[in-house]
Amino acid sequence: MSEITSTAPICTIAEIGRHEGQSVTLRGWLYNLRESGKLLFPIFRDGTGTIQGVAHKAGVAPEVFEALKGLTQESSVIVTGKVRADQRAHGGFELDVEQIQVVQRVPEDDPYPITPKEHGVEFLMERRHLWVRSSRQVAILRIRAEIMRAAAEYFDSNGFTRTDPPILTPAACEGTSTLFPVDYFGEEAFLTQSGQLYIESTALALGKVYSFGPTFRAEKSKTRRHLTEFWMIEPEVAYCDLDGLLELAENFLSHIVQSVVKNRAPELQVIGRDIAKLEVIRAPFPRLRYDEAVAMLNQAHKDGHLENPFEYGNDFGSPDETWLSSQFDRPVMVHRYPANVKAFYMQPDPVDPTFAMCVDVLAPEGYGEIIGGSQRVDSYDLLKSRIEEHKLPLEAFQWYLDLRRYGSVPHSGFGMGIERAVAWICGLDHVRETIPFARTLNRMFP
Ligand code: 4AD
Ligand code: MG
């Protein structure tokens, strides 16, 4: 391995355009290599992008040509070369290789398992620790990071304070059937399903708060929308009713999507996302009562678009959500579901208490629910009877009832699953690619 002696400045592929005509040093990996006699066309990647290099046998030192010739995919390299603008090149530039240092050469007899040819998803998921290096996965992870950044930015710049709820909890929030139990020094505890109950407390302390962290559901659902571990961002606002919550949700989502369009255009291009579909995502969003949504489903069934008739009073299933959300070019906010299919903490509609003051936001293009939220029960007596009706352990909820004993106010909040948002914004057909290491019913590895 010959050390690079050049004094060329170290730069990243993303900033290479600033160095046209100069020699620079890149530190990265060999993404691919095409050989054509005396010409070598290596493609380098460094995490910020990829660039094609060119090495002509007559134009480089013999040891440079030898080091590069036959070099194995994903070998780590430090390369010096001159930056040349090229209209035809992906990214607009090529690198005329001058020197190369192979940091670690991937052995020929144990090659990098993920080649540019097609692989099945199971094969790739089994090698997720390596698959994350591919351009497409890098682009998705960058968009995910932008979604998380923009989501936090929206709340930070609108008067919210981030308050982090615990992950280890003594009781259920979203129903008892989907809890992961943990042994807590001989007592049973659970991994949190949502930070909501805790941020209701901090909302009454700070007014407008949000939480952002991992949440867990032991759901035996094997769908393209379900993970057992996922990230949720949840705002909670004191003195906010359902109308205020709908407004918050549409402004929040518009901000996220427009931030991705503005800041991650190259990544959207790498994954082939139709940007026009994202540009139209601006508030206000259409609102539908549950009853109106049901009428649409009934019509869709009559017209032969939906196989099964919808039974009034049920929650929507995946096919129902897919159909509803494919009818709009913006997210649709479905509100006022029947109270008995929703969580115990939801405020009843004063007009008809059999309905809950809740909302599910369904993303367009058939993506379905990305946000669930509601106005919360603020009466002590009602909340206590709800806890009892749902057969939840009253003792564990005494602290939560305190919030209705001492200075209770109308308040509302929602939760957005980051992975559902990433799947929609990236146009992916499964959530498994939206998180670095997916945890699903069938997968806990790597
Ligand atoms: O609708 P959910 O269950 O609502 C709550 O947890 C409320 N406590 C939130 C609140 O009001 N603060 O979940 C909220 C969102 C869903 O809309 C969905 O985006 C995501 O969390 N989600 C999941 N994402 C991936 N895999 C799963 N198994 C998910 N379950 C929910
Ligand atoms: Mg929900």
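I looked up the C-alpha centres of domain 1 and domain 2, and they lie 45 Å apart. This is a predicted model, where local features need pLDDT of at least 70 and side-chain atom pairs count only at pLDDT 80 or more, while totals for chains, interfaces and linings use all residues. Residues are numbered from 1 along each chain as its sequence is written, and side-chain values use heavy atoms, with hydrogens and water left out.

**Entry 1: the two domains**

I noted the bounds: domain 1 is 13-104 and domain 2 is 129-434. These bounds come from an automatic or database domain assignment. I then checked the contact (heavy atoms within 4.5 Å). Domain 1 gives seven residues to it, and domain 2 gives five residues.

Next I took the buried area, which is the accessible area (1.4 Å probe) that two parts lose on being put together, summed over both. Domain 1 and domain 2 bury about 430 Å² between them. Carbon and sulfur atoms hold 37% of that.

**Entry 2: charges and polar pairs**

I looked for salt bridges (a side-chain nitrogen of Lys or Arg within 4 Å of a carboxyl oxygen of Asp or Glu). Between domain 1 and domain 2 the count is one. I also found a salt bridge between the side chains of Arg133 and Glu74, at 2.9 Å from N to O.

Polar contacts came next (a pair of N or O atoms within 3.5 Å; within protein, one must be able to donate a hydrogen and the other to accept it, and residues adjacent in sequence count only if both atoms are side-chain atoms). Three residue pairs make them across the interface, both residues at pLDDT 80 or more.

**Entry 3: strand E11**

Strands are DSSP runs (E, at least two residues), numbered from the N terminus. Two of them pair if DSSP finds at least two bridges between them. Is E11 (residues 229-238) mostly covered or mostly open? I found it mostly covered, with eight of its ten residues buried (under 20% relative accessible area, 1.4 Å probe, protein chains only).

E10 (residues 208-216) pairs with E11 in the antiparallel sense over nine bridges. There, Thr215 has Phe230 of E11 as its bridge partner. E16 (residues 411-417) also runs antiparallel to E11, joined by five bridges. Ile233 has Met416 as its bridge partner in E16.

**Entry 4: a three-strand sheet**

I traced an open sheet in the order E7-E9-E8, with antiparallel pairing. E7 (168-169) and E8 (181-184) stand at the edges with a single partner strand each, so one side of each has no neighbour in the sheet. E8 and E9 (residues 187-191) share four bridges. In E9, Glu187 is the bridge partner of Tyr184.

Technical notes. Chains are lettered from A and ligands numbered from 1 in the order in which they are written. Buried means under 20% relative accessible area, exposed over 50%, partly exposed in between (1.4 Å probe, protein chains only).
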